[in-house]
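Please take a reader new to this structure through the terms used to describe it, and set each value beside its cut-off.

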Amino acid sequence: MGKTAIVILNWNGKTLLEKFLPSVVENSNLPGVEIVVADNASTDNSVLFLEQNYPAIKVVRLSENYGFAGGYNQALAQVDADYFVLLNSDVEVTENWLPPLIALMDGDEKIAACQPKIDRKSTRLNSSHIPLSRMPSSA
């Protein structure tokens, strides 16, 4: 199994970290897996919250808000891993969400990217304008 870094980009998202980070910590405690929060120069005490409540989580402090793509690019340059999971800060993960992804990547060198199934119980529209709750399971 390759080393995997779950990288969460944050900017003034302390409330989201309080709500969703516990599921990431609880359901990602595996050998070779590191959780990293990349902070885009937050001013809401996000970093202090992480230091006080999650001292084992690596925090990459960015000197300014580089935005989404720029923030991830800056952060990933400072993280050593074979696999990177770019996880939004407003995502709750469930038990066993990560091992199938790592197994898939380890099992086929031709695969360059993958993602877990997103379970949405919502009637929001997707790009084909079909409510997600009505999408066929093979879509």
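Predicted model: local features only at pLDDT ≥ 70, side-chain atom pairs only at ≥ 80, totals over all residues.

Q: How do you know that the length of helix α1 agrees with its number of residues?
A: Helices are DSSP runs of H or I with at least four residues, strands are runs of E with at least two, and both are numbered from the N terminus. The expected span of a helix is 1.5 Å times one less than its number of residues. For the 14 residues of α1 (residues 14–27) this gives 20 Å, and the end C-alpha atoms are 20 Å apart, so the two agree.

Q: What is said of α1 at phenylalanine 20?
A: The helix bends there by about 45 degrees, and proline 22 follows within four residues; the bend at a residue is the angle between axes fitted to the seven residues ending there and the seven starting there.

Q: Which residues of α1 are called buried, and what do they pack against?
A: Buried means under 20% relative accessible area, exposed means over 50%, and partly exposed lies in between (1.4 Å probe, protein chains only). In α1 the buried residues are Leu17, Phe20, Leu21, Ser23, Val24 and Asn27. They pack against β1 (4–10), β2 (33–39), α2 (46–53) and β4 (83–87), where contact means heavy atoms within 4.5 Å.

Q: Why is the pair of lysine 3 and glutamate 34 called a salt bridge?
A: A salt bridge is a side-chain nitrogen of Lys or Arg within 4 Å of a carboxyl oxygen of Asp or Glu, and the side chains of lysine 3 and glutamate 34 meet at 3.6 Å, N to O. Lysine 3 lies in the segment before β1 and glutamate 34 in strand β2, so the pair ties together parts that are 31 residues apart in sequence.

Q: How do you know whether glutamate 51 and arginine 61 are exposed or partly exposed?
A: Glutamate 51, at 41% relative accessibility, counts as partly exposed, whereas arginine 61, with a relative accessible area of 53%, is exposed. Their side chains meet in a salt bridge at 2.1 Å, N to O. This pair links distant parts of the chain, with glutamate 51 in helix α2 and arginine 61 in strand β3 (residues 58–61), 10 residues apart.

Q: Why is tryptophan 11 called partly exposed?
A: Its relative accessibility is 47%, and so tryptophan 11 counts as partly exposed. Tryptophan 11 is found in the loop between β1 and α1, and leaving aside neighbours within four places in sequence, it is in contact with Asn40, Ala41, Ser42 and Asn65.

Q: Which side chain of opposite charge is nearest to aspartate 39, and how far away is it?
A: The nearest is arginine 61, 7.2 Å away, and aspartate 39 is buried yet has no salt bridge; for charge, Lys and Arg count as positive and Asp and Glu as negative, while His and the chain ends are not counted. Aspartate 39 has its place in strand β2.

Methods. Residues numbered from 1 in each chain as written. Heavy atoms only, no water.
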